[in-house]
Amino acid sequence: MKQIVLKKGKEESLLRFHPWVFSGAIQHADKDIAEGDIVRVVTNNGDFIAIGHYQQGSIAVRVLTFSDVEIDAEFWASRLASALQMRQAIGIADNPDNNTYRLVHGEGDNLPGLIIDVYGKTAVMQAHSIGMHLCRKEIAEQLVKVMDSRLEHVYYKSETTLPFMEEMQNGFLYGGSTDNVALENGLKFYVDWLRGQKTGFFVDQRENRALLERFAKGKSVLNMFCYTGGFSFYAMRGGAKLVHSVDSSAKAIELTNRNVELNFPGDARHQAFCEDAFKYLEQAGDQYDLIILDPPAFAKHRGALHNALKGYTRLNNKAFQKIQKGGILFTFSCSQVVTKDHFRNAVFTAAAQAGRKVRILHQLHQPADHPINIYHPEGEYLKGLVLYVE
């Protein structure tokens with residue numbers, strides 16, 4: 001196994017079990033280390049400290065283990081089994097009303113660079129590092145063994161996360177299902193793991209959608225950036241008076257309509273609009289008393305933070321201007337570089353600009369199947385607020 005030597009004192013974060021080695025911390029690396037190689041990381045004195053995947057860029061090594069062990073089939077099986085056991089312990093796996101959950105959440109499950117979402121009998125695997133891409137077949141093999149009868153298909157979907165890999169191709173590593181209907185809290189939905197965003201569905205909003213259902217009775221609901229319509233059909237089950245779903249993607253609107261029809265066939269309460277969010281809000285009247293703002297990440301790196309916060313302020317300002325008195329606003333940010341304080345300040349600025357009195361009802365975050373490694377606070381990416389607007 002090839003070796004990377006750290007500069008003196010640069011092992012401190014690793015001694016606190018932070019799972020990244022930054023390129024600036026490296027004193028010396030063995031020759032001919034290729035991207036995706038499994039490497040040993042040692043201190044300036046030669047003491048072992050970690051093993052991980054090497055990759056060019058700011059984050060040079062994503063740590064797989066702080067123990068000096070082989071990264072083999074047994075290693076992958078152990079990590080996957082640990083991930084499953086945690087989901088069983090919190091009642092998410094093996095739930096008859098919910099066969100949709102995240103099984104592996106990168107650093108949160110001590111498998112940095114790997115995402116696995118489960119939709120019924122199909123697991124969708126996504127690599128965010130070259131190392132995980134190179135290990136995909138071995139991981140899939142162990143995944144099928146660990147999941148046993150729970151799993152019949154493994155689909156690999158990394159064309160968008162590793163687009164620069166010439167040999168990258170999405171496809172089934174195991175099985176080959178055409179059944180793409182999954183179940184979340186008793187509601188059905190189609191999963192577009194072939195062409196959809198992420199792994200095909202935003203699993204991380206499951207608990208927040210369930211919360212919205214409790215507020216929806218008798219409400220006129222606007223679901224902005226609806227994607228597959230998750231919040232929309234929860235609102236309908238909660239007894240909403242009307243539900244309007246908006247997204248700039250025609251494919252998203254088509255999928256939203258299919259999902260609503262799957263759960264509420266022929267229900268006239270729902271309409272979907274293919275429209276830019278800001279333009280729709282600008283033209284909207286004051287008919288809505290429950291609005292959901294769940295936009296895509298406005299900032300994917302720190303350099304975009306300032307403009308992202310301006311975007312969140314502008315978007316929420318529009319919603320505050322349009323929502324009825326006594327209305328409820330669910331508003332989110334999934335930008336990792338936007339902290340909870342950043343986001344709250346942006347929303348508060350928007351409320352002040354709109355001249356509305358606002359109270360916080362709930363502070364929202366990612367669910368338990370998207371765990372945050374306590375040594376890796378960067379894993380906390382989803383934040384949201386439920387607001388009462390006077």
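## Strands S5 and S6

Tyr54 is placed opposite Val61, a residue of S6. The two strands concerned, S5 (residues 48-54) and S6 (residues 59-65), run antiparallel and are joined over four bridges; helices (H or I, at least four residues) and strands (E, at least two) are DSSP runs, numbered from the N terminus, and two strands pair if DSSP finds at least two bridges between them. This is a predicted model, in which local features need pLDDT of at least 70 and side-chain atom pairs count only at pLDDT 80 or more, while totals for chains, interfaces and linings use all residues. Residues are numbered from 1 along each chain as its sequence is written, and side-chain values use heavy atoms, with hydrogens and water left out.

S5 and S6 belong to an open sheet of six strands, ordered S2-S6-S5-S4-S1-S3, with mixed pairing. Strands of a sheet pair through backbone hydrogen bonds, in either the parallel or the antiparallel sense.

Helix H2 (residues 73-89) lies across S5 and S6 and runs at about 80° to S6 (axes are lines fitted to C-alpha atoms, for helices over the stretch in contact; angles run from 0 to 180 degrees between N-to-C directions).

His376 is located in the loop that links strand S19 (358-365) and strand S20 (383-389). The residue counts as buried because its relative accessible area is 2% (buried: under 20%; exposed: over 50%; partly exposed: in between; 1.4 Å probe, protein chains only). With residues up to four places away in sequence not counted, His376 touches His18, Pro19, Trp20 and Glu107 (contact: heavy atoms within 4.5 Å).

## Salt bridges

The model holds twelve salt bridges (a side-chain nitrogen of Lys or Arg within 4 Å of a carboxyl oxygen of Asp or Glu). One of them joins the side chains of Asp109 and Arg87 at 2.7 Å, N to O. Asp109 sits in the loop between strand S7 (100-105) and strand S8 (114-119), whereas Arg87 is part of helix H2, so this pair ties together parts 22 residues apart in sequence. Both Asp109 and Arg87 are buried.

Arg359 and Glu390 also form a salt bridge, at 2.7 Å, N to O. Arg359 lies in strand S19 and Glu390 in the segment after S20, so the pair connects parts that are 31 residues apart in sequence. Arg359 is partly exposed at 48% relative accessibility, and Glu390 is partly exposed at 36%. A further salt bridge links Asp267 and Arg269 at 2.8 Å, N to O. Asp267 is partly exposed at 24% relative accessibility, as is Arg269 with a relative accessible area of 23%.

## The chain as a whole

The protein chain comprises ten helices and 20 strands. Its radius of gyration, taken over C-alpha atoms, is 22 Å, close to the 21 Å that the globule rule gives for 390 residues, so the chain is as compact as a globular protein of that length (globule rule: 2.2 Å times the number of residues to the power 0.38). Along the principal axes, the C-alpha atoms of the protein chain fill a box of roughly 65 × 45 × 40 Å.

Of the 390 residues in the protein chain, 56% are buried. Among contacts between residues at least 6 apart in sequence, 63% join residues at least 24 apart.
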